[in-house]
Amino acid sequence: MTPPPSLLHSTTPFGESLTSSQLVGLGWSANTIRRATRDGALVRLRRGVYAAAGTGGNPPVPLTEAHRTLVHASAEWMGEGVVLSHLSAAVLWGIPLWELEPGTQVWVTRSNTTRGYVRGPIHANNCPLTPHEVTAVDGLPVTTLARTVLDLARRFGPDQGVVAADWALRHAGLDPRELQDVLGLQARRPGVRAARTSVELASRLAESPAESVSRLRMHQLMLPRPVEQVEVWDSRGRLVGRGDFGWRDQRLIGECDGRVKYDQPRHGGRPSDAVTAERDRERRLADEGWRIVRWMVRDLHHPARFARILSSALQGRP
């Protein structure tokens, strides 16, 4: 039978990993390990390495935390010149991933191989790394923040690139010049166009991944460029409200509902209080002659639909 939650979490703490040999030494049989993995009490990080999942009322280990555990468990066999990169580097840096999961393979970059390969738990990339593009996070060799941002853009496209770049500027204090410097080293590499777009559009004003992708869609669809985090003031100099995006000539505010903020939202009171406050904000904005147009994250996956929503609002159509 699967060990009780108390035993499970006393032997496999959250955020740590144990090998199958260590579990056997703690009294687990091979059959117990298999059952625990099947029942979801253990997460198999790679062959012979496990971490505790949520049991007994505890929440499951988030995928990013499970990947972080996998990275640390794999550090012992990382050879000379192997640097954590791409999705694994993003997890270590805390970069939000736009509709990507870190997966169960450790992403690394090596300068001393003839080509990349995927073998077992390793996803290796062959690409030159200068000493200025390597640093340490949690005591592990990892690509710098700027290099990680551009690797994500080149590999996964501008959606992920803009999300990563915005986050790095806003929350990690990345200097835009560092992005430019790394971009200059990647001029002839695959995916550089996506990296260049990500650098050109990067903004420290974005407050959520959905805002980042919304701004990218506006650029791709050649829609009028908005003011980010626009503020509306009344004739007495009082702040009426603020919006994700604003077009002052059209007196229009744009917002992406259902978004997940980079910052933890500051909630207070009951959910009904938030609804009431939002209605009051809309009324005050309307009194000043401003309209609000909203779209959902799913609309960002359908550019034509997103273009219709925003174009209609910009032209004053309901």
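Arg 170 is partly exposed, with a relative accessible area of 30%, where partly exposed denotes values between buried (under 20%) and exposed (over 50%), computed with a 1.4 Å probe on protein chains only. The structure is a predicted model, in which local features need pLDDT of at least 70 and side-chain atom pairs count only at pLDDT 80 or more, whereas totals for chains, interfaces and linings use all residues. Residues are numbered from 1 along each chain as its sequence is written, and side-chain values use heavy atoms, with hydrogens and water left out.

The side chain of Arg 170 meets that of Glu 207 in a salt bridge (3.7 Å, N to O); a salt bridge is defined as a side-chain nitrogen of Lys or Arg within 4 Å of a carboxyl oxygen of Asp or Glu. This pair links distant parts of the chain, since Arg 170 belongs to helix α7 (residues 158–171) and Glu 207 to the loop between α9 (192–201) and α10 (209–220), 37 residues apart. Helices (H or I, at least four residues) and strands (E, at least two) are DSSP runs numbered from the N terminus. Glu 207 is buried, at 13% relative accessibility. In the whole structure, 18 salt bridges are found.

A further salt bridge joins Glu 255 and Arg 281, with the closest N and O atoms 2.4 Å apart. Glu 255 lies in strand β12 (residues 252–257) and Arg 281 in helix α11 (residues 271–287), so the pair ties together parts 26 residues apart in sequence. Glu 255 is buried at 5% relative accessibility, and Arg 281 is buried at 11%.
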